[in-house]
Amino acid sequence: MSECIFCKIIKGEIPSVKIYEDELVYAFLDISPINFGHTLVIPKEHHESASTIPEHIAGRMFRVGSRIGIALKRELDMDGYNLHLADGQAAGQVVMHAHLHVVPRGVEDGFHWNWRQLSYPEGRMAEIAEKVAGRLKLD
Ligand code: AMP
Ligand code: ZN
């Protein structure tokens with residue numbers, strides 16, 4: 001996609017600070033990090049949604065992301081890392097080229113996901129599981 005900023009980063013038309021590259025994926029530092037070292041792993045093919053990324057490329061993204069997480073932990077003396085992927089604007093996706101965030105985390109880094117915890121009404125959990133399973137398409 002010619003106007004996509006992440007495609008431009010892959011082509012070198014927009015500068016980025018590279019962490020890793022191979023034939024399938026490119027990883028670079030997020031310009032506005034949650035913590036220093038926050039990295040984005042992107043497929044070299046343009047996909048808006050993670051759901052259309054071929055399995056071997058999605059697998060490489062996850063593997064590279066988790067290895068970068070380990071390297072960030074060791075080098076920056078952090079305690080853990082989050083892998084985060086926003087799919088769709090409602091989920092917080094701003095750049096419409098699928099990307100995996102690798103966020104190094106410290107026990108006292110002061111960042112919180114604001115994760116709420118709802119409760120299911122009786123029967124709703126099983127109903128959702130059955131209906132979603134019926135819609136699943138894996139090829
Ligand atoms: P998301 O909200 O999941 O779509 O995340 C997009 C991420 O891309 C944000 O964390 C931005 O800081 C990051 N970002 C946008 N433009 C650039 C850029 N030119 N170089 C590095 N990171 C970028
Ligand atoms: Zn793109």
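I started with the ligand's nitrogen: one nitrogen atom of ligand 1 is 3.1 Å from a polar backbone atom of I31, and I call that a polar contact (a pair of N or O atoms within 3.5 Å). This is a predicted model, where local features need pLDDT of at least 70, side-chain atom pairs count only at pLDDT 80 or more, and totals for chains, interfaces and linings use all residues. Residues are numbered from 1 along each chain as written, chains are lettered from A and ligands numbered from 1 in written order, and side-chain values use heavy atoms, with hydrogens and water left out.

Next I checked the oxygens. I found an oxygen atom of ligand 1 at 3.0 Å from a polar backbone atom of V95, and a polar side-chain atom of H99 at 2.7 Å from an oxygen atom of the ligand. Taken alone, ligand 1 exposes 510 Å², of which the protein buries 81% (Shrake-Rupley, 1.4 Å probe).

Then I looked at the shell. I count 16 residues around ligand 1, with D30, G92, V94, H99 and H101 coming nearest (near means a heavy atom within 4 Å). By class I get ten nonpolar, five polar and one charged. Helix α1 (5-11) and strand β2 (25-29) each supply at least two shell residues; α1 gives the most, three (DSSP runs, helices H or I of at least four residues, strands E of at least two).

Last, I searched the whole structure for salt bridges and got eight (a Lys or Arg side-chain nitrogen within 4 Å of an Asp or Glu carboxyl oxygen). Among them, R105 pairs with D109 at 2.7 Å between closest N and O atoms, and K11 with E13 at 3.9 Å.

Note on methods. Polar contact = N/O pair within 3.5 Å; in protein donor to acceptor, adjacent residues only side chain to side chain. Nonpolar A, V, L, I, M, F, W, Y, C, P; charged D, E, K, R; others polar.
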